[in-house]
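Student: Could you show me how to read a few features of a model that is new to me?
Tutor: Gladly, let us look at it together.

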Amino acid sequence: MSETTRTTVKKPSMAVEIAGIKLRNPVMPASGTFGYGEEYAPFLDLEKIGAIVTKGLSLKPKAGNPTPRIAETISGMLNAIGLQNVGIEAFIQHKMPFLRTLNTPVIANFFGNSLEEYGEVAKRLNDIPEIAAGELNISCPNVKQGGIVFGTDPKAASEVVALVRKHLQKPLIVKLTPNVTDITVVARAVEEAGADAISCINTITGMSVDIHTRKPRIANRTGGLSGPAIRPIAVRMVHQVVQTVSVPVIGIGGISRPMDALEFLIVGAKAVQVGTANFVDPSVIQTIIDGIEEFCIDEGIKDIHELIGSLRL
Amino acid sequence: MKNYRTKIISNQEISPGYYRMRILAPGFSETAHSGQFVMFRVQRSLPPLLRRPFGIFRTGSLPADCDGLPPKEFVEIVYKVVGRGTTIMAELHEGDKVELLGPLGNGFDAPSCDGERILVGGGIGLVPLYMLAGELIEKGCNVRLLMGGRTRDDIFAVTEFERLGVETYVSTDDGSLGEEGVVTKVLERKLQKFPKAEVFACGPMPMLCAVRDICVANKTPLQVSLEESMACGVGACLGCVVKGAGHTEERPSYLCTCKVGPVFKAQYLDWNALAQSHGCGGCE
């Protein structure tokens, strides 16, 4: 038997490692835009993407906000879903059985309404061996302490990260909110408090008004802006954070094409998350992975690490 | 359910402001049920960013041509030009590339056929009733369709419904076609005549509310198809939720229109909340 000889272009190495988690490539969904994974199984091979990031989980099920919850704006989308989720127990019982069958790291995004709740969810995650890491959402108000958003105050952010770090026996990714004056201050605070990696940015608070009814277009009045509209802001913030911390950074914000993801990698993100674009095209993550690979081949890049942080200043 | 990267077969105005688009979609008709919908991507460039949900009007296939190629399966949507997205859609032509995700959601539930079936459609709400009418006729039901609109422009596809064997009744608010007045007036009359009928309705929320009140008063089973704005259509964004019956602050019940719906049995919905969120007062 003779092997057919043909010219094959050698595929670049796409694997990256974040806080000890090995990813086959640097592209994963952003929390809240991919359900619990299973919703997207009809549209892409979940064993070809870098990781799966779950919808934000809380100790108790959460019903979310009144409707309307979403509104499209120019090249973006405002949402105030209100972190609706099934709760950590139902997640373990009903969503893990599917996720467990996959050969892809699962990152559990989670949040709490108080310090104690954050700690409790972190402890429960320890009971799920197939969860590769936790991604901590600190863009929530501290209900017990005047409603200040943990992630907008370096002290509060540091406190919640330190507490979760103490309880969580898995790598800890902390997701930062962009709704601050200087994101590097919070980034430094969470790194010092024990974050193994940082993901940024979460949505940018925005508002849109229906000029005929003169009412806010979403019931919650304000919501989080996502989509292509926010990408330059996200790239700038990821760049700033990369310059500030030494832990790996996952870039998020308005990625919908391979070239968008490449921007984040070049400024130094070790991986990226794709959010709103999943709603527009449910197989977009695969398209982005393929596009990055193609770019590497065209540019003669053999390993994705040659690209990461290659920004020329 | 599939994400089709496909093209338009035809796109025609069928009544002022209403268009029917036929899109190539191999394998679509095998899985599609009446009352389901598609998420349609107007174009690859922005805006608009998000896809838009459209009810399936019908599915079918073009006969094989002389080249002996296999028949071409298609799906048809009917849309009304109301905003930026639909304005762009109206300008699309045969052969233009589009993306289509579907069939999505839970459609109508019409298992048996004893007694009359009354379909109530208001304007663009007529769309999902065409396939339903066809399915019910096939099961041997007597199907009556009450078509309502503001003006004659809102009434379309009458001949096609009639060709299925449906008895149609037209009413318009301004009397420009059929009876003058609201479609629910006709419904009340029909229910007096056919007290054991089952009702299926799709249309604007004030109409659905009125239909629901009439059906409650007559103890008539009712299924409604809802329209909510949505981002993903597959149950991930949780943007299209409606409150379920018995929803309270303490025990909230939010149902995804895209996944649990878009067709609901009326008793499972919180009608006061629905009416309020659509700015049309309360239901009884």
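Tutor: Start with B:L238, which sits in the loop between β12 (222-225) and β13 (241-243) of chain B; strands (E, at least two residues) and helices (H or I, at least four) are DSSP runs numbered from the N terminus. This is a predicted model, where local features need pLDDT of at least 70, side-chain atom pairs count only at pLDDT 80 or more, and totals for chains, interfaces and linings use all residues. Residues are numbered from 1 along each chain as its sequence is written, with chains lettered from A and ligands numbered from 1 in the order in which they are written.

Student: What is the phi of B:L238?
Tutor: Most residues other than glycine have a negative phi. B:L238 is not a glycine, yet its phi is positive, about 60 degrees.

Student: Is B:L238 buried or exposed?
Tutor: A residue is buried if 20 or more other C-beta atoms, placed from the backbone, lie within 10 Å of its own, exposed if 12 or fewer, and partly exposed in between. B:L238 has 26 C-beta neighbours inside 10 Å, so it counts as buried.

Student: Which residue of chain A has a positive phi?
Tutor: One of them is A:L83, with phi near 55 degrees. A:L83 lies in the loop between β6 (76-79) and α1 (88-100) of chain A, and counts as buried because it has 22 C-beta neighbours inside 10 Å.

Student: Where is there a cis peptide bond?
Tutor: Most peptide bonds are trans. The bond from B:G261 to B:P262 is cis, with omega near 10 degrees, and B:P262 is in the loop between β14 (254-256) and β15 of chain B.
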